[in-house]
Amino acid sequence: QLVESGGGLVQDGGSLRLSCAASGRTFSNYAMGWFRQGPGKEREFVAAIGRTGHRTHYSDSVEGRFTISRDNTKNMVYLQMNSLKPEDTAVYYCAADPGQITDYAEQYDYWGQGTQVTVSS
């Protein structure tokens with residue numbers, strides 16, 4: 001089970017930190033990813049992190065502004081979002097992939113319920 005938290009309303013240029021709590025399986029066996037779906041848009045990849053946390057991968061749209069991290073001792077994955085823009089407004093989903101780090105949503109087996117992030121201009 002994956003449960004996201006930390007979403008909310010923030011102004012243009014602000015920051016938020018999303019958290020995802022994992023339970024039920026061996027967390028360190030999974031690469032983890034964040035995806036988002038904005039209003040009227042398809043789901044898109046945001047960031048991913050490997051099992052040990054040493055490897056990360058970002059979409060071009062968030063590279064340099066967002067940072068993904070994980071704490072395998074706490075079964076947590078985080079997404080630090082800085083310099084937020086109105087186009088970052090979306091529901092953000094945490095997902096778990098039993099394979100290697102990837103930006104393909106089809107590779108992820110488990111998904112959270114999502115947390116809303118709204119960036120006002």
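Leaving aside its neighbours within four places in sequence, which residues is Arg65 in contact with? The first legend has the answer. Everything here comes from a predicted model, where local features need pLDDT of at least 70, side-chain atom pairs count only at pLDDT 80 or more, and totals for chains, interfaces and linings use all residues. Residues are numbered from 1 along each chain as its sequence is written, and side-chain values use heavy atoms, with hydrogens and water left out.

**View 1. Arg65 and the residues around it.** Arg65 sits in the loop between β6 (56-58) and β7 (66-71). (Strands here are DSSP runs of E, at least two residues, and helices are runs of H or I, at least four residues, numbered from the N terminus.) Once neighbours within four places in sequence are set aside, Arg65 is in contact with Gln80, Met81, Asn82, Ser83, Leu84, Lys85 and Asp88. Contact means heavy atoms within 4.5 Å. Is Arg65 buried or exposed? Arg65 counts as buried because its relative accessibility is 11%; the cut-offs are under 20% relative accessible area for buried, over 50% for exposed, and partly exposed in between, using a 1.4 Å probe and protein chains only.

**View 2. Arg65 meets Asp88.** The side chains of Arg65 and Asp88 make a polar contact of 2.8 Å. That term stands for a pair of N or O atoms within 3.5 Å; within protein, one must be able to donate a hydrogen and the other to accept it, and residues adjacent in sequence count only if both atoms are side-chain atoms. Arg65 and Asp88 also form a salt bridge, with the closest N and O atoms 2.8 Å apart. This pair links distant parts of the chain, 23 residues apart: Arg65 is in the loop between β6 and β7, and Asp88 is in the loop between β8 and β9. A salt bridge needs a side-chain nitrogen of Lys or Arg within 4 Å of a carboxyl oxygen of Asp or Glu. Asp88 is buried because its relative accessible area is 1%.

**View 3. Arg36 and its salt bridges.** How many salt bridges does a search of the whole structure find? The search turns up three. In one of them, Asp88 meets Arg36 at 2.9 Å, N to O. Here, too, the pair links distant parts of the chain, with Asp88 in the loop between β8 and β9 and Arg36 in strand β4 (residues 31-37), 52 residues apart. Glu44 also pairs with Arg36, and their closest N and O atoms are 2.6 Å apart. Arg36 has a relative accessible area of 4%, so it is buried. Glu44, at 33% relative accessibility, counts as partly exposed. Now go back to the bridge between Arg65 and Asp88. Through shared partners, salt bridges join Arg36, Glu44, Arg65 and Asp88 into one network.

**View 4. Ser61 and its polar contacts.** Ser61 is in the loop between β6 and β7. Its side chain makes a polar contact of 3.5 Å with that of Arg36, and another of 3.1 Å with the side chain of Ser59. Ser61 is partly exposed, at 37% relative accessibility. C-alpha to C-alpha, Ser61 and Glu42 are 15 Å apart in space, and they are 19 residues apart in sequence.

**View 5. Two residues with positive phi.** Asn75 is not a glycine, yet its phi is positive, about 60°. You'll find Asn75 in the loop between β7 and β8 (76-81), and its relative accessible area of 24% makes it partly exposed. Ser83 is another non-glycine with a positive phi, near 50°. Ser83 belongs to the loop between β8 and β9 (90-97) and is partly exposed, at 42%.

**View 6. Ser19 in its strand.** Ser19 is part of strand β3 (residues 16-22). With a relative accessible area of 14%, Ser19 is buried. Beyond its neighbours within four places in sequence, Ser19 is in contact with Val3, Glu4, Ser5, Trp34, Met76, Val77 and Tyr78.
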